[in-house]
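Subject: Structure for you to look at, with notes

Dear colleague,

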Number of protein chains: 2
Amino acid sequence: MPDTFDLEKFLPYRLSLLSNRVSGAIADSYRHSHQISISEWRVIAILGQYPHSTATDLQHFTAMDKVNISRSVKRLIKRQLIASENHEHDGRARKLSLTAAGNDLRNEVIPRAQACEQQLTSTLSTDEIKQFSQIIDKLLRSETSNPIV
Amino acid sequence: MPDTFDLEKFLPYRLSLLSNRVSGAIADSYRHSHQISISEWRVIAILGQYPHSTATDLQHFTAMDKVNISRSVKRLIKRQLIASENHEHDGRARKLSLTAAGNDLRNEVIPRAQACEQQLTSTLSTDEIKQFSQIIDKLLRSETSNPIV
DNA sequence: AATCTATTGTTTCGTTTGTAACTATAGTTG
DNA sequence: CAACTATAGTTACAAACGAAACAATAGATT
């Protein structure tokens with residue numbers, strides 16, 4: 001009787017392997033060049049796109065949990081890469097934005113991020129990249145509504 | 001001037017989101033039903049396929065680091081799901097295998113794993129599943145030789 | 001307005017994780 | 001075979017993480 005399960009063929013396992021390798025490599029790249037974690041980079045990236053976001057906004061944009069955001073924001077404020085101001089209508093919230101230094105860092109990291117993405121897909125054809133991207137989007141959309149548990 | 005970077009379109013980011021969601025859901029499933037982590041499951045899965053593997057063998061099969069393997073093995077031995085015996089030719093290594101209980105657990109978790117995989121791909125067509133799987137393999141093969149850093 | 005509930009964001013605490021140091025054994029070289 | 005180097009696996013320490021408790025404010029209900 002043949003064994004009924006082969007871990008190396010298990011799609012979620014291979015997906016996890018790939019994602020961990022890619023994220024690990026990118027994390028190394030950002031850390032070596034600019035001393036920031038992927039979480040911090042996500043905050044910076046989003047604040048470049050959506051200045052004056054609150055921590056809750058970031059939570060929605062980045063799918064990070066609020067503790068992680070709180071800690072990333074704390075470190076980035078300490079390094080003066082982002083700054084906070086009071087929210088007009090909500091005394092609990094603070095509006096966050098990049099400082100000039102934060103914006104500079106973002107502009108320096110962007111090409112690095114793009115190079116990582118480029119390297120990731122460099123062995124794929126244009127069609128394959130498109131397929132891969134579309135399938136991931138499809139899965140992300142369905143996953144949100146269908147928790148596996 | 002349009003902003004030059006959109007995190008939500010960044011492929012490594014979306015890949016990470018997807019993988020984290022899938023792995024998280026599977027981890028919940030295994031933990032609730034059989035009180036094992038994904039790392040422990042990987043060890044059990046591999047030992048079902050390759051009995052008498054050493055920790056180093058597991059390291060190669062599962063791409064986990066040796067500390068993680070050591071700890072998973074320790075917990076599984078404590079729960080008597082795997083057993084170890086001396087290695088004939090190497091006094092440092094131990095040969096690991098599933099106990100009857102470990103084998104039973106593996107057989108119970110396999111259909112659960114398969115259901116997770118099935119659910120993951122349930123919104124994709126047969127063609128898309130094939131494409132996705134092939135592309136991931138292609139990327140895994142190229143990633144090993146091409147560290148992004 | 002007083003009270004109750006919900007939300008924002010931080011902190012605390014226990015767990016998990018990874019790096020590096022370590023022990024023990026193998027293998028290699030002079 | 002003595003000494004060095006490499007490898008198998010564990011342990012120790014510190015950093016990262018997440019769940020839950022928390023303080024502060026908002027909004028709803030009476």
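This is a predicted model: local features need pLDDT of at least 70, side-chain atom pairs count only at pLDDT 80 or more; totals for chains, interfaces and linings use all residues.

Residues are numbered from 1 along each chain as its sequence is written, and chains are lettered from A and ligands numbered from 1 in the order in which they are written.

The same surface serves both of them, since 100% of the contact residues of chain B recur in chain A; here two residues are in contact if their C-beta atoms, placed from the backbone, lie within 7 Å.

Turning to that interface, 51 residues of chain B are in contact with 51 residues of chain A. On the side of chain B that touches chain A, at least two residues each come from helix 1 (11-34), helix 2 (38-49), helix 5 (100-120) and helix 6 (126-145) of chain B, where helices are DSSP runs (H or I, at least four residues) numbered from the N terminus. Helix 1 of chain B gives the most to this side, with 15 residues. By class, the side of chain B that touches chain A has 27 nonpolar, 14 polar and ten charged residues; Ala, Val, Leu, Ile, Met, Phe, Trp, Tyr, Cys and Pro count as nonpolar, Asp, Glu, Lys and Arg as charged, and the others, Gly among them, as polar.

One position in this region is A:Leu15, which lies in helix 1 of chain A and is buried, with 23 other C-beta atoms within 10 Å. The classes are buried for 20 or more other C-beta atoms within 10 Å of the residue's own, exposed for 12 or fewer, and partly exposed in between, with C-beta atoms placed from the backbone. Leaving aside neighbours within four places in sequence, A:Leu15 is in contact with B:Leu18, B:Ser19, B:Val22 and B:Ile136.

Two or more residues of the surface near DNA strand C are given by helix 3 and helix 4 of chain A together with helix 4 of chain B, and helix 4 of chain A gives the most, with four residues. DNA strand D is surrounded by 17 residues, of which the closest are A:Gly91, B:Ala55, B:Thr56, B:Ser70 and B:Ala93. For the surface near DNA strand D, the largest share, four residues, comes from helix 4 of chain B, and the division by class is five nonpolar, six polar and six charged.

Within chain A, helix 2 and helix 5 pack at an angle of about 105 degrees, with their axes 10 Å apart; axes are lines fitted to C-alpha atoms, for helices over the stretch in contact, and angles run from 0 to 180 degrees between N-to-C directions. These two helices of chain A are therefore roughly perpendicular to each other, a term that covers angles of 65 to 115 degrees. In their contact, A:Trp41, A:Ile44, A:Ala45 and A:Gly48 of helix 2 meet A:Gly102, A:Asn103, A:Leu105, A:Arg106 and A:Val109 of helix 5.

Within chain B, helix 2 and helix 4 pack at an angle of about 80 degrees, with their axes 9 Å apart, which makes helix 2 of chain B roughly perpendicular to helix 4 of chain B.

Finally, A:Ala63 has a phi near 60 degrees, a positive value in a residue other than glycine, whereas most residues other than glycine have a negative phi. A:Ala63 lies in the loop between helix 3 (55-62) and helix 4 (66-78) of chain A and counts as partly exposed, with 16 C-beta neighbours inside 10 Å. In chain B, phi of B:Ala63 is likewise near 60 degrees.

With best wishes

Terms used:
A residue is near a molecule or strand if its C-beta atom, placed from the backbone, lies within 6 Å of it. Angles under 35 degrees count as roughly parallel, over 145 as roughly antiparallel, 65 to 115 as roughly perpendicular and the rest as oblique.
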